[in-house]
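Me: I would like to learn how to read the main features of a protein model. Could we take them one at a time?

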Amino acid sequence: MAWVSAFIVISILLAFLLNSWLSKMNIKKLPPGPKGFPIIGTIHLLKKLVHRDLHHLSQLYGPIMHMKLGLKSTIIVSSSHAAELFLKAHDPVFAGRPVRLTFNQLSYHQKNIAFAQYGPYWRNMRKICILQLFTTLKMNSFTSMRREEVGLLIDHLQEAAKMHGVVDLSSQISSFIADVICRMVFGRKFVEEEFKASIHEATLLVGAPDLGDFIPFISMLDLQGLGRRAKGVTKVFDGFLDMIIKQHLESNDENRTKGCFLDVLLDSKIDHSSIKGVIMDLIIGGVDSSRTTIDWALSELIKHPHTMKKVQKELENVVGLGKMVEESDLRELKYLEMVIKETFRMHPPIPLIPRKCIEDCIVNGYHIPKNSEVLINEWAIGRDPCVWFDPLTFFPERFANRKMDTRGKDFQLHPFGYGCRNCPGMQLGLVLVQLVVAQLVHWFDLELPNGISPSELDMTEQFGLTCTRAHNLRVILVRRAPN
Ligand code: HEM
C-alpha cells in the first residue's frame, strides 16, 4: 500500500510541477502574428501604406498582433478594446517612445517632448509645456492674432478667386498654419523660403521609415540617405534658432514681455538645446497634423456635396453670409463638429501612434516583452465594424446621437492619443482645424479643375508619421459671399 500512496503523492507533485511549468509557458505566450525570416523579420509584408497592410494582417491574426520588424519586436494594436487595455489599464508601462534615427537627429538627441524617453526629463519638459504654453489663458491671448492671420488667408484667396485659376489649397493651408505657429512660438512669422522649405523637409523626414531603425547594424551605412538629409535640415534650423534666441535675449525686457513661447521657455531657465528641441516639436508636430486634418476634411466635403451644403447652411444660420467666422462661433457649429469627428475617424492624421513598452507586461494573457515597440493602429480602429456601422462610408450624422469626445475620453475615437502621453496641442489643433475648414467653405465653393467630378477626386494617401494626401488638393475657388 505504501508504494500506492507514494505513487499518488509523486503523481500529484508531477501534475503540480507540469501545471506551473505550463502556466509559465502560457505567461510567456506572445500575441499571434506572421512568422518572419532571420534579420528582416516580416518587413517584407509591409508595402507603401503600412497602416493598411497592418490592418489586413490584424484581420488574420487578431487585434493584438506580434511581428518582428527587422530585429525589433513590435506589437500592433488594432481595436478600441485592445487600445484601452494598453493605453488606459497600463498607461505608464506603454508611455515610452521608440527611438528613431531621424527623430533623434531632428530632436537634438531626444531633448524634445514627443520623442523623449519616459522619465524625469520628459516629465519636466511636458510640465512646462502644459502649465506655461498650452494653458487656456495663453491660447486665448493669441485669438486676435489667429483672426488676423485667417483674415489675411481669406483676402489672399479672394484675390485668387477673381482670377478663376487653380489654387494649391494644401500649400496655402500649410503656409497659414506655419505662420500662426511661428507667431505663437517666436512672436513673428518667417518669410524666408529656406526656413519654410526646412519645415517641409523635416515633416517628410519624420515620416520616412528608415531601414536602419529596424536592422540597427546597417544604420551606419545610411542606405536611404535619410541621416544625411536630417543632418542638413537640423543645420539650417539650428542656425535660425540660434539667431532667433540671440535676438530675443538681446531685446530689452519691455520687448520680451510679449509672451511668445520662446520668451516663456527662455524664462524657464532650461538649456538652449532643450528649448530648440521643444520648438522643433511645436513646429513639426503642430503644422503637419493640423494641415493634414484640414486637407482631408475639405476633400471629404468636396466628395460629398450634400454634406458640404449642410455645413454651409449651418454657417449661414450661425455666422451669416459675408461675415468672418469667429472662434466664439465654433461651439455653435454642431454639424461641422460632426464632420471633423468623421474626418478624424476615417483619416486619423497620425495613423500609427508609436509607443514603447518600458517593462515586461501581460496584456489580455499575452506576454509583452520590455522594449517592444507598440503601434496603436488608429486607422484600423476607425474602421472596426464592431464599433462603427458601415465604417467605409463618410457619414458625419453617425455622431448625431452619439456622445463621443475626440479629446481622449472615448476609446472608439482618440486622434490625439490617450493618457499621460496624449497631445498637449489638442486645443490649438482643434481650433485651427475647425476655424480654417469653416472659414474656407463659408467664403467659397470649392470646384475641381479640368472638369473632374466630386466623386472622381483622388484620395490616395501617403504614409508617414502623418498620413497626408499623396497629391496636394488643387481647387478653383468661387466666392459665395455677396460683394
Ligand atoms: C489636428 C491636430 C493634431 C493631432 C491630430 C495631433 C495628434 C497627436 C497624437 C496622436 C500624438 C501622440 C499621442 C500619444 O502618444 O498618445 C501627439 C503628440 C504630440 N503633439 Fe499633437 N496633434 C495635433 C496638433 C498638435 C499641435 C498644434 C501641437 C503643438 C503646437 C502638437 C504637439 C504635440 C506634442 C509636443 C506631442 C508629444 C507629447 C508627448 O510625447 O508627451 N500637436 N499629437
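Predicted model: local features only at pLDDT ≥ 70, side-chain atom pairs only at ≥ 80, totals over all residues.

Me: Which residues touch the most other members of the largest nonpolar core?

Reply: A core of this kind is a set of buried nonpolar residues joined through side-chain atoms within 4.5 Å. The largest one has 108 residues, and Phe186 and Leu298 have the most contacts with other members. Helix α13 (residues 272-303) is the main contributor to this core, giving 14 residues. Apart from it lies another core, of 20 residues, including Ile353 and Phe411.

Me: Which residues does Leu298 touch, not counting those up to four places away in sequence?

Reply: Among them are Leu169, Ile173, Val437, Leu440 and Leu473.

Me: In what order do the strands of the open sheet stand?

Reply: Order follows from pairing, which requires at least two bridges between strands. The 3 strands run β3-β11-β8, with antiparallel pairing. β3 (166-168) and β8 (444-447) each have a single partner strand, so one side of each lacks a neighbour in the sheet. The twist from one strand to the next averages 50°. Between β8 and β11 (residues 474-479) there are 4 bridges, and Phe444 is placed opposite Arg479 in β11.

Me: Which helix packs on the sheet?

Reply: Helix α7 (residues 143-163) touches β3, β8 and β11, and its direction makes about 55° with that of β8.

Technical notes
Residues numbered from 1 in each chain as written. Heavy atoms only, no water. Buried < 20%, exposed > 50% of the residue type's maximum accessible area, 1.4 Å probe, protein only. Helix = DSSP H or I, 4+ residues; strand = E, 2+ residues; numbered from the N terminus. Contact = heavy atoms within 4.5 Å. Axes fitted to C-alpha atoms, helices over the stretch in contact; angles between N-to-C directions.
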